[in-house]
Every structure is written in structure tokens, then in C-alpha cells.
Amino acid sequence: MDVIYSSIQAVSILEMHNRPSKHPIHIRANYHYNSRTCALKSTESASTQQLFDGMPLSADSLVWNSVIQTHLGNLNYHKAVTTYQEMLTRGIRPNRHTLPRILSVSRLSGSLSLGKQLHCQATKLGVCNDIYVTGCLIELYGHLDGVDAAKWMLDNSEKKTSSVSWTLLAKLYLKQNKPAMAIDLFNEMVESGAEVDAVSLTTAISACILVKSVISGRNIHDTARKHGLELDVLVSNSLVKMYMECGSMKDARDLFDKMPTRDAISWTSIIQGYVKNGEINEGLKLFRKMVNVDKIKPDAVAVSTILPACARMAAHKNGRELHGYLIRNKIPINLKVNNALIDMYAKSGNLEYSSTIFSRTKSKDIISWTVMIMGYSLHGEGDLGVDLFKKVPKSDTDEISYVTALYACCTALKVEKGIHYFNFIKSPKLVHYALMAALLARAGKLDDAKAFVKEHGVEKHPEVLRALIDGCRIHKKITTGKRLVEQLCDSEPLNADNYVLMSNWYAQNGGKQKQKQEMVDRWRETIRDMDLKPKSAYSWIEFRNKVHVFKTGDVSHPRSEGIYWELESLMKNFEKSEEDFSFHDVDEERECVPIGHSELLAISFGLISTKSGTTVRLTKNLRVCHSCHEAVKYISKVVNREIILKDPNRFHHFKNGVCSCQDFY
């Protein structure tokens, strides 16, 4: 039934309160019930009169307001409006507490026409400018008639000193993805002389986060300071988060250090900021300080925030300690924390731990599956990743899960499986095309790879070109690879790493030794002339809770003499199949022979610093070169140790002269 009530003679509300009336008020409204209301209504056997008979006899509006609130809480909008109508019929005057409730019914049921009639009643009753009534009207118009109507309501309100109405409108702007207008509204509120409270400030700060405006954020910070609310917990937490999201870590840390009391939310926010900004060690230091100094017990959110900081080789001990802390202190490990643990162990080099936690996880979501599949692929276990993807519930698969599936196929060189999974992707993204190109190229199907990328119009994208170049490098397609590297340099002329790739290509495939060196020198000169700065190669290894960093040809380490002596002794009988004049650091004046590459220096340090049989773990910021890869395989066999080297693309597990990547890197 679209109309709430049967046609009854309309009577003036004001006249009703001057004299009791036997006639109910007729409120015309196209009242559309939601499905739940319709269901309730369809089961009612009582007539409207029976409903009226069940209403309270009290003349106290407080009783009627409570009944309306009960119906509103039970989502029974029909009974709420019926109660309101009977209240009017019996001459009970609605007050500033009645109208907000019944206006909420109008908003939640989606009846704008009823809301407008109630607006008129509020005006006649003289409660329209009550802050709660005004707030409900703003919400009503904002949800059912747009924010412009809500703004009109605020502009025409007599009492605008309260921040409630302003804040409600600002939240409507945020809900409709108009954060800039929310910031402008806050500034207008401040200029109007309205009160400023913690809620209005945090709402405006949320808008600054969305537009990534640290300037607007600082202005709001100044306003908070002027009103003595800078160190309010709600405001200060929001400001810290805003500064971090906008990349101003100094402002965030300065405010954080000023806070007299810091709760778990404060600590979690600042730690998360450091982790997101790549300042992993500082994030870990703060976490320890939170636990040991402020004696704050981290919750699941704080733990899932810091675990990504441990998802690296140099922090694998920190990750294990944190996991132990969770177990010892019986902190509930929810699915989010569980997934973070799986990811942390996989990315810090402990695939076995990661797999164990995954297998013990009873209730898995798509993140659980995706993280574990990627973990297997990173460690060269592509076959296990492909097998695991077969077990993922089809209803859970999405674009990201297919990225991990293709990555696993690429690692395992399963071309047919990769094509099969690619065909299931409804709207492939560039990453899917690049992975398919990499799979075909690495499997030696370069012609198919080139035809594939041309067919889909992605042959000029740098990511795709790099995938094809890797295939050419692996399968010694020198001419094709050189042409693709030239295309890559043309597509990204200011990317110094592309010219390093070109130089290394000539170094490895440029013919005679003299010609190789000449071409390498020429490309070095080109990079310098263009004033480009390629990434320097670094490798690092942890020993006794300290991270030791090595660069190409490094002699600055206190134990350099022992490091080079050990390395030269190991390499004495190593015969390289070819000279490698590739360079990692264009600023190095000396010839960069393989024995000076950063990964070999880090490995040598690990060997002389740890007991025989101990696994050596290190990380490198660039892809390991061919000569070093061959050298590490040889070293692992000579010293009879496992060496785990992580580069940006994968983990290399060297053991007994063999690498887990099977030389496809």
C-alpha cells in the first residue's frame, strides 16, 4: 500500500494542540517500504483500529517517543509511523525528541515526501531550528534529495553555532566522494564562528587524507591547536594518520612525540606509517617501544601492521620473535594475522613455516590462497603453486588470484596451464599480458610470445618488453634481444636502468673481448652524458642482530681483508665459461670483475662469520648477474652449505651446486 493512511479530514496541527481532536491527521506520503517492512506488514492480522487500541494511554510524550524508538530499532517503520499518527490524533504534542525519531523513519524508509511533510510540521511546532531536528533534516535531504538540498537546509538554519549540522553535511560530502567540498565547508564553519569539536576536526582531517593535501591538513592542525584540541586523542590520532598518508613523516612523528597519552591506535598508526614509507627498522623499534616501554599489549590490527616489516630476509628473526610473542601472550590470531604470518614467513625465506601455517588454517579466504601460491612461486616451487591453485574455490577467484596463478605457471614453465588460466580472465590487465609474455618467452616460444603481445596491442609496454628480453637472455637470442632492448630504451629514454641493460647485453653478447669492453665503455659514457643515475647494486646480510651492507667492489668493511681472502680461495679453481664485463654501478672507476660483486662479498662475509653447515641468507637489490649465479652454485657445492639469495624477483636456493630457479632467472 503506497499511501500510509486512508483519507481522513486534515486538521491543523497547531489547532490540535489547542483542543483535543477525535480525527487523526492525514499525512499524504508515497511511503515505499523495504522488503523487511513489507514482510512484517503482510503478516499483520490486526486492523488499523486494533493497532490504535494497543497504543499507550499516557499523555506523556516521553512514553510515545520510547514506543516510536522501539519500532525504529526493530526496523518496523510502519508501526513507528502509525504510533506517531495516533500520538497526533490523541493531541499529544511532538517535541524536539519526537521529530528526530520520525524523521529517521522517513530517511530509512526512503520517503522524501513524508520527510517534507514532517519538515513542515517541525516548522509549525517551532522546533525546526533545534540542533537535533536540523541534523536529521540535513541527513534526510542529503540521502534522499542530494547534498545541495542538505546544504540549503544548513544555510537556512537559524542556529549554526553548533558543529553537529556542519559535521553531518561534511560527512555527506565524504560519502559522495567530495572531500574538497568537505574541507571548504569546515573552513566556512570556522569563519562563521561555530563551535569546533573533536568530531568536526577528525571529519575534516579525513577529507585531507582523501585529497592527499598536507597543506589543508596543517591548516586544520592550526585550528585544532587554537581551540586546545591538538592533543585530544581522537584528533591527534587522526592528524598523525593524515601526515603519514600525505608523506610527511616528520610532522607525524613530532606530533606523536608530543602526545601525553598514546593508546594502541596511536602506536599502530605511527608504526604503519613507517612501514608503508619503507622505514622498516624504525617501525620495528617503535613496536618494541610500544610493548616494552608503554606496556601496551598489541592487538590483531597492530600485529598485522608490523608483520609486513618482517617480510624480508634481514628481519626473519624479528618475524619469528613476533610470532612467538603472539603465542606466549595468547593474543587471538584471526584470519588477517594468519595471512600476514604466511606472507611474512614466505617473504623472509622460511617457506616451510609458511606452508605449515597455511595447512593449519581451517578457514581460508582468497588472500590465504593467493599469498601461499605466490610464496611457492617466489621460492622456485611453481609446480606446488599450480597444484594449490587447482584447489582454490572457483567462487573466490579474482584478477589478483589469476596473477599468482600465471606467476606460478611462469616459474614452472607450464605453458598450456598458463593459457588455460589466462582464458578465464574476463578483463585482463597489463600485468596478466606481461606474465603471459614472460611464460611464453621463458619457455622458448619467443615467436608465440611476440605474436601474443602484438595481437593484444601491448607490444610497446616496458613491462612486456622486459619479459621478452628475459626470454631472449635465457635462450641466447642475441639479435632479437638487442632489438628489444633498443625498443625499451626508446620507450623510456630517461630510465638509466635501461641503458645499463643495454651495456650488459653488449658485455655478455658483444663478440670479442676488446669489442665488449669498448661497447660497455661507450654506454657508460652515454649514461654520464645524459646525467642519468642508475641504481647502485647492494647486498646485505644479517649477523648478530646487525645488518652488514656491501656494494660493488666494497673495501670499507672492517673485515674486508678476510672477506676477499676467503673469496679468492674459493674461486681459485672456479673456471668461468665466459668473461662478464657487466657493471652494476656506473660510478665505479675500477673494472668490476665478478669477484667484487656485492653478493659474493656478502656471501664470503657470511661464510667466515658463521659455523660450518649454517645456512647463509642474503638479499640483493638488483637481479643477480650470470657470472655470480654460476659462482654461487659452485661455492654452495665446495662449502657444502645452503645459500639463500633473494633478489627483486625471486629466492635463489643454492645447494650442492644447483639453484632452485633451475637457471631460469
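1. In what follows, Ala, Val, Leu, Ile, Met, Phe, Trp, Tyr, Cys and Pro count as nonpolar, Asp, Glu, Lys and Arg as charged, and the others, Gly among them, as polar. The structure under review is a predicted model.

2. The largest pocket holds about 1,200 Å³ of space. Its lining comprises 36 residues, and Arg466, Asp470, Arg623, Pro648 and Asn649 are the closest to its centre. By class, the lining of this pocket consists of 18 nonpolar, 9 polar and 9 charged residues.

3. Helices α24, α26, α28 (462–474) and α30 (496–509) each contribute at least two residues to the lining of the largest pocket. The largest share, 7 residues, is that of α30.

4. Two of these helices also pack against each other: α24 (residues 399–412) and α26 (residues 430–442) have axes 9 Å apart and meet at an angle of about 10°. Angles under 35 degrees count as roughly parallel, and α24 is therefore roughly parallel to α26. Among the contact residues are Tyr402 and Leu406 of α24 and Leu435 and Leu439 of α26. The contact is made up of 11 nonpolar, 1 polar and 2 charged residues.

5. Strands β1 (residues 538–543) and β2 (residues 546–551) run antiparallel and are joined by 6 bridges; Ser539 has Phe550 in β2 as its bridge partner. The two strands form a hairpin with 2 residues between them, and Arg544 in the turn has a positive phi of about 50°.

6. Strand β1 also gives the largest share, 4 residues, of the lining of the second largest pocket. That pocket contains about 320 Å³ of space. Of its 19 lining residues, Lys317, Glu542, Thr610, Thr614 and Thr615 lie nearest its centre.

Key
Residues are numbered from 1 along each chain as its sequence is written. This is a predicted model: local features need pLDDT of at least 70, side-chain atom pairs count only at pLDDT 80 or more; totals for chains, interfaces and linings use all residues. Side-chain values use heavy atoms; hydrogens and water are left out. Axes are lines fitted to C-alpha atoms, for helices over the stretch in contact, and angles run from 0 to 180 degrees between N-to-C directions. Angles under 35 degrees count as roughly parallel, over 145 as roughly antiparallel, 65 to 115 as roughly perpendicular and the rest as oblique. Contact means heavy atoms within 4.5 Å. Two strands pair if DSSP finds at least two bridges between them. On a 1 Å grid over the protein atoms alone, a cavity is a set of points where a 1.4 Å probe fits but cannot get out, and a pocket is an open set with protein on both sides within 12 Å along at least five of seven lines; lining residues have an atom within 4 Å of a point. Grid points are joined across faces, edges and corners, and a volume is the space filled by probe spheres set on the points.
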